[in-house]
Amino acid sequence: MKAIRVYAFGPPENMAWEDVPDPTPGEGQVVIRVYAAGINPVDTYIRSGNYHLKPQLPFTPGNEACGVIESVGRDVSALKPGDRVYTGATLSGAYAQKTSCDAAAVHLLPEGLTFAQGA
């Protein structure tokens, strides 16, 4: 799959669109195929290095994602593949074709809302 990766804190030019391995769900986790990602000001602060918390480099930015459950890990019963969902707490970053999340942080997207609205 493709994802945006940040290898050094600084300007947007430090981001690269590249191939990375697909995430796999661990126990209590899900993998979402991302159809829309939120771009929050804190994402730009983190990427620039001007935020008090700094992820380990390299990283995929973004916490807010909306899409469709692709796979679920052990002990996940409230969600299933094919569910339309949103989250504000990804584990592997939202600026990617797929992201992993703790199932407890994932919610069903109400009917009638678009993926962009959910993100």
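A salt bridge is a side-chain nitrogen of Lys or Arg within 4 Å of a carboxyl oxygen of Asp or Glu. By this rule, Glu27 forms a salt bridge with Arg74, and their closest N and O atoms are 2.8 Å apart. The structure is a predicted model, in which local features need pLDDT of at least 70 and side-chain atom pairs count only at pLDDT 80 or more, while totals for chains, interfaces and linings use all residues. Residues are numbered from 1 along each chain as its sequence is written, and side-chain values use heavy atoms, with hydrogens and water left out.

## Salt bridges

Side chains of opposite charge can pair when their charged atoms come close. The count of salt bridges in this model comes to six. Three of them are listed here.

| Salt bridge | Closest N and O atoms |
|---|---|
| Asp19 and Lys2 | 3.5 Å |
| Glu27 and Arg74 | 2.8 Å |
| Lys98 and Glu70 | 2.8 Å |

Strands (E, at least two residues) are DSSP runs, numbered from the N terminus. Asp19 forms its salt bridge with Lys2. Asp19 lies in strand β2 (residues 15–19) and Lys2 in strand β1, so the pair ties together parts that are 17 residues apart in sequence. Accessibility is described by relative accessible area: buried means under 20%, exposed over 50%, and partly exposed in between (1.4 Å probe, protein chains only). Asp19 is exposed at 60%, whereas Lys2, at 27%, is partly exposed.

The salt bridge of Glu27 and Arg74 links distant parts of the chain: Glu27 is in the loop between β2 and β3, and Arg74 is in the loop between β4 and β5 (84–87), 47 residues apart. Arg74 is exposed, with a relative accessibility of 59%.

Lys98 pairs with Glu70 in a further salt bridge. Lys98 belongs to strand β6 and Glu70 to strand β4, and the two are 28 residues apart. Lys98 is buried at 8% relative accessibility, whereas Glu70 is partly exposed at 31%. Salt bridges with shared partners join Asp22, Arg33, Glu70 and Lys98 into one network.

## Strand pairing and the nonpolar core

Two strands pair if DSSP finds at least two bridges between them. Strand β3 (residues 29–37) is joined to strand β6 (residues 98–102) by five bridges, and these strands run antiparallel. In this pairing, Val30 stands opposite Cys101. Seven bridges join β3 to strand β4 (residues 65–72), again antiparallel, and Ile32 stands opposite Ile69 in β4.

These four residues, Val30, Cys101, Ile32 and Ile69, also belong to the largest nonpolar core, which has nine residues. A nonpolar core is a set of buried Ala, Val, Leu, Ile, Met, Phe, Trp, Tyr and Cys residues joined through side-chain atoms within 4.5 Å. Leu79 is another member of this core. Leaving aside neighbours within four places in sequence, Leu79 is in contact (heavy atoms within 4.5 Å) with residues including Val30, Ile69, Val85 and Ala103.

## A buried arginine

Arg5 lies in strand β1 (residues 2–6).

Note on methods: Helix = DSSP H or I, 4+ residues; strand = E, 2+ residues; numbered from the N terminus.
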